[in-house]
Amino acid sequence: MTQCLFSLTETRNRCYRSLFSGSGLRSTIADLKDGTVMHCWVPKTRTESKPNLLLIHGLGANALWQWGDFIQHVTPLFNVYVPDLVFFGGSYTQRGERSERFQAECVMRVMEANMVRRVSLVGLSYGGFVGYSMAAMYGDMVERVVVCGSGVCMEEKDIKEGLFPVTDLDEAANILVPQTPHRLKQLVGYTFFNPPPLRWLPSCFLLDFIEAMCRDYEQEKRELIKAIAKDRKLSDIPKISQPTLIMWGEHDQIFPLELGHRLKRHLGDNAQLVVIKNAGHAFNVEKTKEFCAILKSFLVDFQLPAESSPSKWQNLN
């Protein structure tokens, strides 16, 4: 395969790092002293009058890439913390744990190391599993919860019963941790309602992204995916008590919208479900302005948006 003359991925990485730094964040490394090392972006200067906000990324790329187009919208309002989950970015462990509970423990230890005593959180996809676990485990520290396209209420049997487009976990891992341009195109197709035209992009650019984002810890990431579903039952999922906003793309193919309705039923009146029209799993990218406006309403104004996607948001993108 022909190699590109420069790395588009690394160029964008530098842009995102500059954007994070320019938004008042700095890169830190925390050694948890148990074989685990966590990378996290934290405020250069914490403002005590601002609330704290934790942004938790999903599978596919590191925190920079998943929050890069969003970060400047929230740093004026919050003390923002953006960790790389274990096996992403600069975070890793020598321990054998692969559960979202373990990820939640690691993130919370980073928050404690930064003297964060109260925090609201937003979790994208896999990050929603981690954030939900944090809310269940650390109810006295987590104030408000936003779960974005995260199948927290899925059950292991849902896979075999055809709720998902892919009915085999190994095949799902092949797509979610892509190792070829074909698999990366599949992932993008499943993630976006209106996918970007990758067919026009030379394969060397796709391979460049794969080399930078998907080669490291490939097996460990596959194990994370399998750990999500293993023995998962709705009856075992705790009900969190914090005010919770559930956001979902209308055409999500990674975690179908039924799982958003299931989580709303599970949590009852304590939660609200907002469906983003004409968007897929990556609605935070496809509908960034709408996403930001709804988050501000919930996290700053302490208002729960109306059920489904209210008309006042729909013309923002």
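Tutor: Being three residues apart in helix 5, tyrosine 126 and phenylalanine 129 are separated by about one helical turn, where a helix is a DSSP run of H or I with at least four residues, numbered from the N terminus. This is a predicted model, in which local features need pLDDT of at least 70 and side-chain atom pairs count only at pLDDT 80 or more, while totals for chains, interfaces and linings use all residues. Residues are numbered from 1 along each chain as its sequence is written, and side-chain values use heavy atoms, with hydrogens and water left out.

Student: Why is the pair of tyrosine 126 and phenylalanine 129 called tilted?

Tutor: Rings of Phe, Tyr and Trp (its six-membered ring) pair if their centres lie within 6.5 Å, and planes under 30 degrees apart count as stacked, over 60 as edge-to-face and the rest as tilted. The centres of tyrosine 126 and phenylalanine 129 are 6.5 Å apart and their planes are at 35°, so the pair is tilted.

Student: What makes tyrosine 126 count as buried?

Tutor: Buried means under 20% relative accessible area, exposed over 50% and partly exposed in between (1.4 Å probe, protein chains only). Tyrosine 126 has 1% relative accessibility and therefore counts as buried, and phenylalanine 129, with a relative accessible area of 1%, is buried.

Student: How do you know that helix 4 is roughly perpendicular to helix 5?

Tutor: Helix 4 (residues 100-113) and helix 5 (residues 126-137) pack at an angle of about 70°, with their axes 8 Å apart. That makes helix 4 roughly perpendicular to helix 5, since angles under 35 degrees count as roughly parallel, over 145 as roughly antiparallel, 65 to 115 as roughly perpendicular and the rest as oblique.

Conventions
Axes are lines fitted to C-alpha atoms, for helices over the stretch in contact, and angles run from 0 to 180 degrees between N-to-C directions. Helices (H or I, at least four residues) and strands (E, at least two) are DSSP runs, numbered from the N terminus.
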